[in-house]
Amino acid sequence: MRYKITLSYDGTPFCGWQRQPNGNSVQDAVETAVGKLFGFKPCVTGSGRTDSGVHAIAQVAHFDVEKKLPLVNVIGGLNAYLPRTVRVTDAAYAAGSFNARKSAEKKTYMYLMYTGRELPVLNDRAVCVGDGIDTDAMSAAAEKFTGSHDFSTFMAAGGGAKTFTRTVYDAHFERDGIFIKFFITADGFLYNMVRIITAQLIKIGRGENIDIPYLLGKRDRSYAKETAPACGLYLYSVEYSDE
């Protein structure tokens with residue numbers, strides 16, 4: 001029996017989604033909860049890795065167990081065994097061919113910023129960018145990431161990707177009071193790609209003259225060295241062809 005679950009989590013206390021030899025991972029927490037609920041601890045496969053300190057509004061995962069439970073019991077049972085930093089928000093029975101990672105067609109990340117002075121209540125949740133940020137300039141620059149490009153300039157070392165071309169379907173900003181939200185949707189992302197892109201967009205918002213097509217064309221990380229903090233990044237949604 002294959003289950004598809006949707007998870008929301010605060011990434012602050014975790015080393016990331018993926019199981020680590022000496023770390024507290026979200027995957028470990030979910031697998032432990034599944035084991036307690038079903039009496040069998042399977043491997044839980046996520047739609048992708050989120051790094052240490054990165055949050056999720058809607059991470060998708062799947063696992064296989066023999067027992068079929070009502071979905072309401074799956075949601076409630078897993079949440080009873082999970083730490084409060086991780087919640088199952090939805091569950092479904094899935095076809096055996098469904099794979100949370102391989103079947104994903106689009107992913108959307110959100111990067112959350114805010115203006116003004118630093119607010120302790122937003123520590124580990126968003127990044128303060130101060131006053132005077134030009135979101136119109138950031139929006140215009142973000143649009144230049146759309147389409148299929150080699151994103152080598154915007155990839156940190158250590159990701160293990162074999163190909164570097166990704167297709168960005170949408171990249172835009174939304175403002176809501178003091179909050180600035182950057183959304184980017186693509187068929188996949190390289191290691192730290194969104195955080196590196198965001199760092200360049202913040203520099204543009206602060207008045208720096210940065211040519212995005214030029215950076216894309218260089219295919220060299222040394223031209224975009226900065227990485228925005230992990231705490232502002234959220235896996236926002238994952239889309240599948242059967243939805």
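These notebook entries record what I looked up in the structure.

**Basis.** I worked from a predicted model, in which local features need pLDDT of at least 70, side-chain atom pairs count only at pLDDT 80 or more, and totals for chains, interfaces and linings use all residues. Residues are numbered from 1 along each chain as its sequence is written, and side-chain values use heavy atoms, with hydrogens and water left out.

**Aromatic pairs.** I searched the whole structure and found 13 aromatic pairs. Rings of Phe, Tyr and Trp (its six-membered ring) pair if their centres lie within 6.5 Å; planes under 30 degrees apart are stacked, over 60 edge-to-face, and the rest tilted. I looked up Tyr3 and Phe38, a tilted pair with 5.4 Å centre to centre and 50° between the planes. Tyr3 belongs to strand 1 (residues 2-9) and Phe38 to helix 1 (residues 26-38), 35 residues apart. I took helices (H or I, at least four residues) and strands (E, at least two) as DSSP runs, numbered from the N terminus.

I then checked burial, where buried means under 20% relative accessible area, exposed over 50%, and partly exposed in between (1.4 Å probe, protein chains only). Tyr3 is buried at 0% relative accessibility, and Phe38 is buried at 12%.

Phe38 also pairs with Phe63: the centres are 5.8 Å apart and the planes stand at 65°, so this pair is edge-to-face. Phe63 lies in strand 3 (residues 55-64) and Phe38 in helix 1, so the pair ties together parts 25 residues apart in sequence. I noted Phe63 as buried, with a relative accessible area of 1%. Ring pairs join Tyr3, Phe38, Phe63 and Tyr93 into a cluster.

**Charges over rings.** I applied the criterion that NZ of Lys or CZ of Arg is within 6 Å of the ring centre and within 35 degrees of the ring normal. The charged end of Lys68 sits over the ring of Tyr93, 4.5 Å from its centre. Lys106 lies over the face of Tyr169, 4.6 Å from the ring centre.

**Helix packing.** I found helix 3 (residues 135-142) packed against helix 4 (residues 193-205) at about 140°, with axes 8 Å apart. Axes are lines fitted to C-alpha atoms, for helices over the stretch in contact, and angles run from 0 to 180 degrees between N-to-C directions. Ala137, Met138, Ala141 and Ala142 in helix 3 meet Leu201, Ile202, Ile204 and Gly205 in helix 4, contact meaning heavy atoms within 4.5 Å.
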